Amino acid sequence: MRQRKTWISLLILVILGLHALPVISYQAVAQTRWPFLAWAMYARSFPPGPIQVAQRRVLGTTASGSELEITPVLAGLTKPAFRNTYLVPMARHDSAAAQSLLKRLNGESDSIVTIRLEELTLTLTDSGVVRRDHPVLTYHVARSEALTQ
Amino acid sequence: MRRWIDQWNAYWFPVTSTQNLAGARILAVAGQLFWFFPSLDHQINLAAKNSHFVDPQPIIRAVASIVPRDALFTPAGLTAVYWVTAAAGVLALIGLFTRTSLFVLALGTWFLVGHAYSYADVHHTQALFAIFLMTLPFSPAGASYSIDALLRRRRAGGSSGASTEPPRSDTAMWPLKLAHVLLALAYFSTGITKLLSGGVAWVNGYTLQNHIFNDAINRDIPLGIWLAQQHTLCILLAVGTILFEMLFFVSLFLPRIAPYFFIGGILFHIGLYLTSGHPFFEHIIMNLMLLLFLDPQRSLGWINRLEQLVPGLPARKDAPQPS
C-alpha cells in the first residue's frame, strides 16, 4: 500500500514538473510538448485605437477553367495553420508562399494554375462595422512547374 | 520531513468512498465519447494531405519511431485506432475491464489529439483533460458504479450477506485533486502571462474588444460582435477574467469557497464559447466534475438533501453527520 502511494506521488510530481518544461524552453506558437504546454493565451494587449480584423479567402482556377475556393480542409491544414502559413504571407505579397500552396494543391489531376487572394478589413466604429475591400492579389503557377503539367 | 510527508499524504491520499471517483469517471468518459471525441475525417484529411509531420508531438514522435508513417498514419490505420479508442471508451464508461479500457481510451486520445497537433497548430483545450484521463487507470476508478464492481461483489458472495457498503480507498481522490491543481496552475499561468506580457493595458477594454472582435468575426458570432462594441463591459469582463484566472488557486487552500470557483469556471468557459467560440468543453467538464465530486462530504450532503425532498425514501447510511 505504501509503495503504491510512493509511485503515485512520483507520478504526481512528474506531471507537475513536466509543466515547467514548456515554460523553460518557450516555443511560442509552435509547441511540441503536448499535453504539457505553456499557457500564454491572448496575452497581447492593445492600446486605444482602431479595432480591426482582416478576413481573407483564396480562390483557385484550374487548368480546365473551373473555379473553387481553397479551404484549409482542401489544403490539409487547420484554419490557424493555413492562415499563418499561406494567407498572411500572401497578403504581404509573398509569392513564395503562393507557389508553396500551389505545389501543395497540385497533387490533383486537374491542377490549379492561378490563385487569387481576396482580402477585406472590418473596422469597429461607433456606427457599426465598416468594411473595406483590398485589391485582389493574383498568383500564377511558376513557369517551370507549369511546364511539367 | 516526517511532517511534510504526512501533510502530503493527508492532501493526496485521504481515505474516502470510491463512489466520487467513479462518478467522475462516468462524467469524464461520457464527455470524451459523446461531446469532444476527435474527428476521424479531420485525422484522415491531415494524414492524407501532408507527406510529413510539421511539428510532431512527443507521442507521435515515439510511435513514428517504431511504426513507419505510411503504415499507421493512413486512413485504415487511423480508422483502426479511432474505433479501438471508441470501443475502449464504451467499456470504460460501463466499467468493464476498467483499468485496461481507461488506459486504452487515454492512450488513444493522446495519440489522436497528438496527431492532429503535429501539423503546425496546437491548442490548449484537451491538454489537462487528457492528463486527467491518463491518471484514471492508475486509480480505483472502477471500484464503484461499474460492471467490474458488480462482478467482484458477486464473486465475493453478495447473495450470502456480504457488505453492501461502498468500497473505500486512500487512492480514490488523487486524480480529482490533481485535476484541481492542474486547473489552478493553468489559470494562474494564463492570468500572469496576460499581466507580464500585456501589462495593465490588458484591462483597458480595447484589448478584450480586439480579441473578441477578431474571434467573433472569423467565427461568425453575432453576440461576440455586439460585445466587442461595449467598451465599458469589456473593461469589467477583462478585470473579471484576470481576477478569476489569478485567484482560482485560492480554491486549493479554501475548500469551502471552491464550489464558487468551479461554478465561475463553468460560466467563464460557456461565456468564452458563446462570445468568441473558444471550445474549452473539457474545462467545463473538469470544473463540473470537481464541483460534483471533489468533496465527498459535500456531494453526499447534496444527495441526502435531494433524497429528503423525495418522501418515502430511506435515509442513507453514509449520509454526512451534522458537525
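**View 1. The loop between helix H4 (79-91) and helix H5 (95-105) of chain A contains A:His93.** Helices (H or I, at least four residues) and strands (E, at least two) are DSSP runs, numbered from the N terminus. This is a predicted model, in which local features need pLDDT of at least 70, side-chain atom pairs count only at pLDDT 80 or more, and totals for chains, interfaces and linings use all residues; side-chain values use heavy atoms, with hydrogens and water left out. Residues are numbered from 1 along each chain as its sequence is written, while chains are lettered from A and ligands numbered from 1 in the order in which they are written. Although A:His93 is not a glycine, its phi is positive, at about 65 degrees. Its relative accessible area of 59% makes A:His93 exposed (buried means under 20% relative accessible area, exposed over 50%, partly exposed in between, with a 1.4 Å probe and protein chains only).

**View 2. A positive phi also occurs at B:Asp220, a residue other than glycine, with a value near 55 degrees.** B:Asp220 is placed in the loop between H11 and helix H12 (222-227) of chain B. With 64% relative accessibility, B:Asp220 counts as exposed. Most residues other than glycine have a negative phi, and most peptide bonds are trans.

**View 3. A:Trp34 and A:Pro35 are joined by a cis peptide bond.** Omega for this bond is about 10 degrees. The loop between helix H2 (20-24) and S1 of chain A includes A:Pro35.

**View 4. Strand S3 (residues 112-125) of chain A is mostly covered, with 11 of its 14 residues buried.** Two strands pair if DSSP finds at least two bridges between them. S3(A) and strand S1 (residues 51-62) of chain A pair in the antiparallel sense over 12 bridges, and A:Thr114 in S3(A) faces A:Thr61. S3(A) also runs antiparallel to strand S4 (residues 128-133) of chain A, with six bridges, and to strand S5 (residues 137-140) of chain A, with four bridges. A:Leu120 has A:Asp133 of S4(A) as its bridge partner, whereas A:Ile115 stands opposite A:Tyr139 in S5(A). The hairpin that joins S3(A) to S4(A) passes through two residues.

**View 5. At the interface, 63 residues of chain B are in contact with 51 residues of chain A (contact means heavy atoms within 4.5 Å).** About 5,100 Å² is buried between the two chains, and carbon and sulfur atoms give 68% of this area (the accessible area, 1.4 Å probe, that two parts lose on being put together, summed over both). B:His124, B:Asn210 and B:Phe213 supply 13% of the area that chain B buries against chain A, more than any other three residues.

**View 6. One salt bridge is found across the interface of chain B and chain A.** A salt bridge is a side-chain nitrogen of Lys or Arg within 4 Å of a carboxyl oxygen of Asp or Glu. A:Lys5 forms a salt bridge with B:Asp170, and their closest N and O atoms are 3.3 Å apart.

**View 7. Residues 145-149 of chain A have a pLDDT under 50.** pLDDT is the predictor's confidence in each residue, from 0 to 100. Chain A averages a pLDDT of 89, and 92% of its residues score at least 70. Where pLDDT is low, the predicted coordinates should not be read in detail.
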